[in-house]
2 protein chains.
Amino acid sequence: MEVDEVVRLPRLSRVAVCGGTHGNELSGVYLVRELLKGRKEGMEEKKKNEVEEKEQQPPSVLAVLANPRAVEQCRRYVDTDLNRCFTHAALKGPSSGAVPYEVIRSRELNATLGPKGGPGAVELVCDLHNTTANMGLCLIAYSDRDWICLHIFRHLQRQMPDIPMRYIHFDVSNQETYSLDSVGKHGFAMEIGPQPHGVVRSNVYAAMKAGVQHMLDWVCFFNSGGTFEGEYVDVFTMIKHIDYPRDGETRNITAAIHPQLQDRDFCLLRPEDPLFQTFSGETLRYEGNEALYPFFINEGAYYEKGIALSLARKRRVMVPAIRVQTEERAQVDEAGVEE
Amino acid sequence: MEVDEVVRLPRLSRVAVCGGTHGNELSGVYLVRELLKGRKEGMEEKKKNEVEEKEQQPPSVLAVLANPRAVEQCRRYVDTDLNRCFTHAALKGPSSGAVPYEVIRSRELNATLGPKGGPGAVELVCDLHNTTANMGLCLIAYSDRDWICLHIFRHLQRQMPDIPMRYIHFDVSNQETYSLDSVGKHGFAMEIGPQPHGVVRSNVYAAMKAGVQHMLDWVCFFNSGGTFEGEYVDVFTMIKHIDYPRDGETRNITAAIHPQLQDRDFCLLRPEDPLFQTFSGETLRYEGNEALYPFFINEGAYYEKGIALSLARKRRVMVPAIRVQTEERAQVDEAGVEE
């Protein structure tokens, strides 16, 4: 164990930047294509700068188009939602019979980027998503104490002060992680909106491109031995989902998000605030007892999942200072010798 | 021929209000469902008001969910775009072999609402659509001298002063009409945006509901013998479409709508104005010689059609005063007797 206040964490040698996990979330699709293109074109430039870059330690970047068949059809998925297929059950289930395309694809991705939970997995997965909700840029992670993800978040906040930015924590302590970013040793979804599915907007694309670049810069600084100061970060922990009111017989929705709530993601929703407006014009109110922060308000892909919005509680998390574990130190640590 | 300045036009006995022609344009889907529901529930109320309504002459309203299978799947279409299937060739083509679902459906709709071009067709078709473009409320019609459509447009403009509203003329004089609204004796698409496909926003739904109600009110006034004064109307006539820049090999798009153009539908686009921003960050400019009005800017469904935006010329059209043709007068007209 370290006795000083700086937490030492292993080098991030490989970073996967994934887009098109949902085939109609286009910012990530075009950004990954751009990264793949730049990789080819950038080769020669890289050689020229080799001397200068010696001091820096950039990670090896894997750009991955996660669901090419869904991208081809500009749909969220072909058979089933790929981003729910990374449970151990799905990854290790039977491979005979009618296996959905996305389950096959999740195994291919697990072979390339994982195996999930294994020592050979990539150090960091950044999975790019878009939402129709007015959420700005969010990092969504399963942990509220993954110091790598939280420090990257703070770096992006500082570098992009014009973009509303939040850290969302999906607490799955009672269930298993299921999304593509769970394959890496660290991972998060970078979710940006509002952007309609099947559409790419320049401003959203530009924010995503900047976010990815700042993330890679941070990893480079981290690997090169920089220390990142400890600080407090606001974390939004998902508490529950709320479904649309539905017709008892047809299960069709009977109301839309209320105009006073629409586009007000992360603005505190208080008991008795307007929640829905029925198609005949009636206002339905929030019946909860606790004021919570709404997000994913009117996300297009969640109608079929029975989610009109999600609600979060905000907490302040103390993130410690971190720096990379040097190789010598790692050996010492492994030998179990205290300094 | 009338010698006075008021053009007399036949009664509008039946009006079809269609939604879900594109299954993921949800305002129309939910509005048609609401109309179908209201029809059942409204029966008794109607009987009570029978005496009051004698003076008025409301049309018979047919609410139609045009593409139920696409609605079920929340997709634009299943096999092919239904709203391109109302040409005589498609309506009368072979019915054996692998006929696309939407072609079969177009024939069913033509049997219910048409036949297209025949004396038994409904007098007016209002087909409800949504767009991801920031177009406000538009009526889109094939004619710039359909006085019924133009007077309805002016009525909506007056009744809904807070909603930006335009009349778009698709000049198909060199080709055949192809959309659902072409089945009626008069017809238009009511197009409202911005709304992502697969999403319903309360404000867009409310605007569509109000638009349909004002349209039906106008038809009622018209049938009841009211005179509508002549006036000038701005008409946007579609001149051409512009596609995205694309990769020569893959045909993937290589740029998005420029941030300075995005959401600026119906704001004059001048030669050399920014048009696209490539995914590597370069600005591409409008190379045309003529300033024109852009619309359908970044419509999600048009990526596959090769349309990044459309351009229109604005003209002022003199719309004459109109009133309904009375039955006696119609008989006189038919007998060819001049007054």
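Biologist: How many residues does the contact take from chain B and from chain A?

Modeller: This is a predicted model. Chain B and chain A bury about 2,400 Å² between them, with 52% of it on carbon and sulfur atoms. The contact takes from chain B 29 residues and from chain A 29 residues.

Biologist: Which residue forms a salt bridge with D263(A)?

Modeller: Between chain B and chain A the count is 2 salt bridges. In the one formed by D263(A), the closest N and O atoms are 2.7 Å apart, and the partner is R201(B).

Biologist: Which element gives the most to the side of chain B that touches chain A?

Modeller: Across the interface of the two chains, 12 residue pairs are in polar contact. On the side of chain B that touches chain A, two or more residues come from each of α1 (26–48), α7 (202–223) and β9 (255–257) of chain B. With 4 residues, the element that gives the most is α1(B).

Biologist: How do the residues of the side of chain B that touches chain A divide into nonpolar, polar and charged?

Modeller: The 29 residues that chain B brings to the contact can be sorted by type. They divide into 12 nonpolar, 11 polar and 6 charged.

Biologist: Is V324(A) buried or exposed?

Modeller: V324(A) lies in strand β14 (residues 322–324) of chain A. Beyond four places away in sequence, V324(A) touches R8(A), L9(A), P10(A), R11(A), F222(A), N223(A) and G225(A). Its relative accessibility is 3%, and buried means under 20%, so V324(A) counts as buried.

Biologist: What distance separates the C-alpha atoms of V324(A) and E249(A)?

Modeller: Along the chain, V324(A) and E249(A) are 75 residues apart. Their C-alpha atoms are separated by 58 Å.

Definitions and conventions. Residues numbered from 1 in each chain as written. Chains lettered and ligands numbered in written order. Predicted model: local features only at pLDDT ≥ 70, side-chain atom pairs only at ≥ 80, totals over all residues. Heavy atoms only, no water. Contact = heavy atoms within 4.5 Å. Buried area = accessible area lost by both parts, 1.4 Å probe. Salt bridge = Lys/Arg side-chain N within 4 Å of Asp/Glu carboxyl O. Polar contact = N/O pair within 3.5 Å; in protein donor to acceptor, adjacent residues only side chain to side chain. Nonpolar A, V, L, I, M, F, W, Y, C, P; charged D, E, K, R; others polar. Buried < 20%, exposed > 50% of the residue type's maximum accessible area, 1.4 Å probe, protein only.
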